[in-house]
Amino acid sequence: MDAYLEEELYDLLTHCIQDRHDSPDYESKKRRVAEIGKELYLDRGLDAMENMYFVIQNRIKEEIQKDATPFRSWWNNIADGWKY
C-alpha cells in the first residue's frame, strides 16, 4: 500500500507544484493529498505521515528540483502532532 500511496502522492504534489493554481483540477488534487494523509494516519499514525512526507519531499527535491515543504500544511488538522 505504501508504494502505491507514495507514487500517487508524488504525482499529485508534482502536478500542484508545477501547475499551481492554474490547473482546473488543482482543488481535487489538493483534496486527494489530504485524503492520503488521513489514510496514512488511520493506518499507522503520525510516524507514517512523517516518513511518507520525508520521502516525497526528498524525491521532489532530487527529481524536479522543487520544494514540497509549503504543501505539508495540507495535512494540518489530521493529527495533533502535525502542525506546519
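In this predicted model, ring pairs join Y53, W75, W82 and Y84 into a cluster. In total, 6 aromatic pairs are counted. The ring centres of W75 and W82 lie 5.3 Å apart with the planes at 50°, so this pair is tilted rather than stacked or edge-to-face. A second pair, F71 with W74, is edge-to-face. Its centres are 4.9 Å apart and its planes stand at 90°. F71 and W74 are both buried.

Two arginines also meet aromatic rings. R72 places its charged end over the ring of Y84, 3.9 Å from the ring centre. Y84 is itself a member of the ring cluster. The charged end of R59 sits over the ring of Y10, at 4.0 Å from the centre.

The largest nonpolar core contains 25 residues. Those with the most contacts inside this core are L9, L13, L40, I60, F71 and W75. Helices α1, α2 and α3 each contribute at least two residues to the core. Leaving aside residues up to four places away in sequence, F71 touches L13, C16, I17, R20, Y26 and Y53.

Helix α3 supplies several of the residues named above. The helix runs over residues 46-64. The buried residues of α3 are A48, M49, M52, Y53, I56, R59, I60 and I64. These residues cover an arc of only 130° around the axis, which puts them on the same side of α3. An α-helix has 3.6 residues a turn, so residues three or four places apart point the same way. The buried residues of α3 pack against α1 (2-19) and α2 (26-44). The other side of α3 carries exposed residues: D47, N51, F54, K61 and E62.

After α3 comes Q65, whose phi is positive, near 55°.

How values were computed. Residues numbered from 1 in each chain as written. Predicted model: local features only at pLDDT ≥ 70, side-chain atom pairs only at ≥ 80, totals over all residues. Heavy atoms only, no water. Helix = DSSP H or I, 4+ residues; strand = E, 2+ residues; numbered from the N terminus. Expected span 1.5 Å × (residues − 1). Buried < 20%, exposed > 50% of the residue type's maximum accessible area, 1.4 Å probe, protein only. Arc of directions from axis to C-beta. Contact = heavy atoms within 4.5 Å. Core = buried A, V, L, I, M, F, W, Y, C linked by side-chain atoms within 4.5 Å. Phe/Tyr/Trp six-rings, centres within 6.5 Å; stacked < 30°, edge-to-face > 60°. Lys NZ or Arg CZ within 6 Å of the ring centre and 35° of its normal.
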